[in-house]
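Work through the exercises below with the sequence and coordinates open. Try each task before reading its solution.

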Amino acid sequence: MNEAIVVIPTYNEIENIEPLIRRIFSLPRYLHVLIVDDGSPDGTAVKVRELKQEFPERLHLKERHGKLGLGTAYIHGFQYALRNGYEYIFEMDADFSHNPEDLVRLYDACAVEGYDMAIGSRYVTGVNVVNWPMSRVLMSYFASVYVRTITSMPINDATAGFKCYHRRVLETIDLNHIRFIGYAFQIEMKFTAWKYGFKIKEVPIIFTDRTKGESKMSRGIFKEAIFGVMSMKLNSFFRKYNRPLETRKQES
Ligand SMILES: Nc1nc2c(ncn2[C@@H]2O[C@H](COP(=O)(O)OP(=O)(O)O[C@H]3O[C@H](CO)[C@@H](O)[C@H](O)[C@@H]3O)[C@@H](O)[C@H]2O)c(=O)[nH]1
């Protein structure tokens, strides 16, 4: 079985992508990387294609045509990872807001401590966000408070996009059932994993805003998150979250 792969969705990340890939490949864990690029006009995928010549075994690229959203990029990446037998599957932003060294801490939470899912969390010990404008910090923090209030999910950073999953989580969740495509996708994945009863650890991280390129946050993404949480909660009353027996046995 392949060990671990970091799925990174990209849209216009030409300035970040090469240094990020090199940093990940210099870590003391043998990680593969899959870039899912949505036809970035700045040529991000062209840069990744060049780097593939240097790292033919470890670097993978999926090019899609048009900006189809962060959620569908991750679903594509998860399906690729499951098909190709990876045991640990990461989510990560391309812009260095997630420190690559923290991949090791997330990996160890799953591979050594045995958690099903590890979340790089900004809000375990206060607010650990550097360089975001106050308005964005407040929006993100209170989005998490809102999610906790509506869903009762005991997770401090509901919109975090830095995670490690053991493959059994992604095998159990019906990925074709995941509806959201913006940052609400992050909430929906955590909520679904939690409803299935998977063991989740929040690993404290420091999130540092990007210095290169731009955020893709938009009003539509914000609205999807606000209204999506309520519809997700309502739908959950009509769904059954029975984990396949084999995955429950592995834990006992
Ligand atoms: N393929 C693809 N990638 C995308 C798209 N939209 C964004 N991305 C990529 O997704 C990552 C995150 O996007 P950003 O636009 O940098 O996110 P942010 O505003 O910094 O948002 C952060 O906070 C959110 C809310 O807390 C988090 O949900 C998010 O993961 C991230 O940590 C980046 O690698 C970006 O290139 C898309 O439509 N398609």
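This is a predicted model: local features need pLDDT of at least 70, side-chain atom pairs count only at pLDDT 80 or more; totals for chains, interfaces and linings use all residues.

**Exercise 1.** Classify glycine 39 as buried, partly exposed or exposed, and find its contacts.

*Solution.* 
- Step 1: locate the residue. Glycine 39 sits in the loop between β2 and α2 (44-54).
- Step 2: count. There are 13 other C-beta atoms within 10 Å of glycine 39.
- Step 3: apply the cut-offs. Buried needs 20 or more, and exposed means 12 or fewer. Glycine 39 is therefore partly exposed, with its 13.
- Step 4: list contacts, skipping neighbours within four places in sequence. They are Glu63, Arg64, His65 and Gly66.
- Step 5: check a distance. Lysine 195 is 156 residues from glycine 39 along the chain, and their C-alpha atoms are 35 Å apart.

**Exercise 2.** Describe the shell around the ligand.

*Solution.* 
- Step 1: take the 23 residues around the ligand. Pro9, Ala94, Gly161, Ser215 and Lys216 come nearest.
- Step 2: sort by type. The shell has 8 nonpolar, 8 polar and 7 charged residues.
- Step 3: At least two shell residues come from each of β1 (4-10), β2 (32-37) and α3 (70-83).

**Exercise 3.** Find the largest nonpolar core and examine isoleucine 89.

*Solution.* 
- Step 1: size the core. It holds 66 residues.
- Step 2: pick those with the most contacts inside it. These are Val7, Ile89, Phe90, Met117 and Cys164.
- Step 3: trace isoleucine 89 beyond four places in sequence. Its contacts are Ile5, Val7, Phe78, Ala81, Tyr165, Arg167 and Leu170.
- Step 4: consult the record. An unreviewed UniProt entry lists residues 6-172 as "domain: Glycosyltransferase 2-like". That span is 43% helix and 19% strand, with its end C-alpha atoms 19 Å apart.

Notes:
Residues are numbered from 1 along each chain as its sequence is written. A nonpolar core is a set of buried Ala, Val, Leu, Ile, Met, Phe, Trp, Tyr and Cys residues joined through C-beta atoms within 7 Å. Two residues are in contact if their C-beta atoms, placed from the backbone, lie within 7 Å. A residue is near a molecule or strand if its C-beta atom, placed from the backbone, lies within 6 Å of it. Helices (H or I, at least four residues) and strands (E, at least two) are DSSP runs, numbered from the N terminus. Ala, Val, Leu, Ile, Met, Phe, Trp, Tyr, Cys and Pro count as nonpolar, Asp, Glu, Lys and Arg as charged, and the others, Gly among them, as polar. UniProt positions are given in the numbering used here, feature names are shortened, and annotations may be inferred rather than shown by experiment.
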